[in-house]
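Subject: Structure handover

Hi,

Here is the structure we talked about passing on. Please open it alongside this email.

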Amino acid sequence: MTLTDPLPTLDGRLLLPGDDGFSDAAQPWNLSIAQLPAAVAEVASVADVQAVLAHARAAGLRVAAQSTGHGAETLDTGALREAILIRTHALDDISIDAAARRARVGAGVKAAALAAAAAEHGLAPVLGLAPSVGVAGLALGGGLGWLGRAHGLASNTIVSLDVVTADGAARRIDDNNDPELFYALRGGGGSYAIVTALELALHPVDAVSGGVITFPFEVAGEVLEQVRRIAPSLPDAASLVVRIVQVPPLDTIPEAMRGKRLVMVVATHLGPHADAERLFAPLRSGAAIVDTFGPIGLADLVRVAGDPEEPGMARGDGMLLEDLTIDAIAALGELLDDPALGGALGVIELRQLGGALARPAAGGGAIDRLDAGWTFFTGGFAPNAEVAAAVLAAIAAAKDRMAPFAAPGLLLNTTALGADPARAFAPEAWARLARVKAQHDPDDLILAAHRG
């Protein structure tokens with residue numbers, strides 16, 4: 001399988017191995033992942049996507065689309081060697097219709113940019129916890145965010161999609177125009193068509209509070225128990241994320257936190273700050289060493305967790321938990337006390353679900369709800385193959401410890417390569433997705449996360 005000659009003319013550019021800029025263009029967000037596609041197409045228009053698809057088909061190659069490359073570790077690297085990687089980061093237009101509470105964004109738009117544009121109108125989309133994540137990838141795979149407990153998965157806020165199908169046709173799809181393809185792309189991932197733009201529902205938010213309450217590691221058990229107690233009583237407007245982190249010994253980090261193992265509770269609330277203070281008062285005890293919780297700007301919500309805005313080197317994996325029970329906390333405590341795991345796992349995260357995330361979305365896509373109470377995620381810094389292997393072994397051991405408390409499904413966006421993607425869907429939904437794939441991409445031209 002080789003690229004045909006002549007190469008297509010693009011508004012963007014097509015890079016082959018050995019070309020200047022090829023390595024940078026192929027590099028995903030996670031710097032510990034090496035991608036070696038047959039070529040990289042940095043597309044600048046829908047016509048570019050159509051040209052690349054036609055060229056790949058003629059050359060006997062496949063295509064895979066990425067904007068930022070978050071989640072690249074879930075791509076089959078062997079299959080990617082026989083594919084053209086389509087990078088969509090130049091498709092970064094944003095249009096806000098404040099009256100209709102809609103945003104139309106190109107497939108290369110990042111979460112921070114959309115959050116800022118929507119906030120100018122007092123509106124917010126369902127976005128993830130990281131400002132650097134691509135909106136399209138997040139939404140196609142389900143998408144959790146601070147507005148999730150109030151408004152559900154990001155995938156179910158998609159109103160329409162601009163796509164190029166495997167046959168090269170450029171189309172706009174929605175509930176009335178190819179509803180089956182529209183269903184599949186909302187939560188089923190990107191293997192059914194190449195998305196070039198999407199329209200999302202926005203939600204009015206009059207006030208928002210958020211921040212991080214940081215505790216010494218020694219009180220981790222007490223903090224987790226307090227979280228377990230208050231979480232069920234929180235309204236859908238409130239959300240919690242708990243992180244146990246090993247803070248690097250950097251001079252840019254406050255001395256009280258530098259080089260230490262800490263427990264961080266990230267809390268947000270949509271609504272009056274007085275309500276937020278009342279709801280989270282039990283967590284804001286004298287044991288906290290840093291407490292940044294307070295009113296914040298709407299555009300800052302996507303940054304409140306402090307997730308990195310620059311690429312790094314790490315490995316991680318996640319799972320769904322049925323609930324944060326006393327026994328689950330005890331198992332987590334044993335995991336935290338295991339010195340064989342503590343050195344490799346730089347972060348362990350619990351993210352609260354429930355609320356609208358647990359209720360079937362009317363007219364929802366391939367994932368209309370999550371039958372789980374929390375997500376569990378863990379990972380660590382992986383600067384080289386040897387360290388990455390140790391981190392992956394520690395992740396596997398941690399997941400084994402928490403397996404008795406796992407919910408039956410999974411969420412593609414938080415799951416590493418190797419998981420059976422069918423587990424993310426109800427059996428009838430998985431069968432429906434297979435029919436959509438067979439209809440729209442019978443030659444399996446489009447390669448996507450968790451699919452070979």
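Predicted model: local features only at pLDDT ≥ 70, side-chain atom pairs only at ≥ 80, totals over all residues.

**Arg149**
Look at helix H6, residues 148-151, where Arg149 sits. Arg149 is buried but makes no salt bridge. Asp236 is the nearest side chain of opposite charge, at 4.3 Å. What does the side chain of Arg149 reach at 2.7 Å? The backbone oxygen of Leu353. Beyond four places in sequence, Arg149 also touches Leu234, Pro235 and Asp236, and its contacts include Gly354, Gly355 and Arg359.

**Cores**
The largest nonpolar core holds 74 residues. Leu161, Leu185 and Leu198 have the most contacts inside it. Take Leu185: setting aside neighbours within four places, its contacts include Leu140, Leu161, Val163, Ile173 and Tyr192. A separate core has 44 residues, among them Ala231, Leu240, Leu336 and Val391.

**Helix H10**
H10 spans residues 326-336. Which of its residues are buried? Ala328, Ile329, Ala331, Leu332, Leu335 and Leu336. Viewed down the helix axis, the buried residues of H10 fall within an arc of 160 degrees, so they line one face. The face turned away from that buried side carries the exposed residues Ile326, Asp327 and Glu334.

Best wishes

Conventions: Residues numbered from 1 in each chain as written. Heavy atoms only, no water. Helix = DSSP H or I, 4+ residues; strand = E, 2+ residues; numbered from the N terminus. Buried < 20%, exposed > 50% of the residue type's maximum accessible area, 1.4 Å probe, protein only. Lys, Arg positive; Asp, Glu negative; His and termini not counted. Salt bridge = Lys/Arg side-chain N within 4 Å of Asp/Glu carboxyl O. Polar contact = N/O pair within 3.5 Å; in protein donor to acceptor, adjacent residues only side chain to side chain. Contact = heavy atoms within 4.5 Å. Core = buried A, V, L, I, M, F, W, Y, C linked by side-chain atoms within 4.5 Å. Arc of directions from axis to C-beta.
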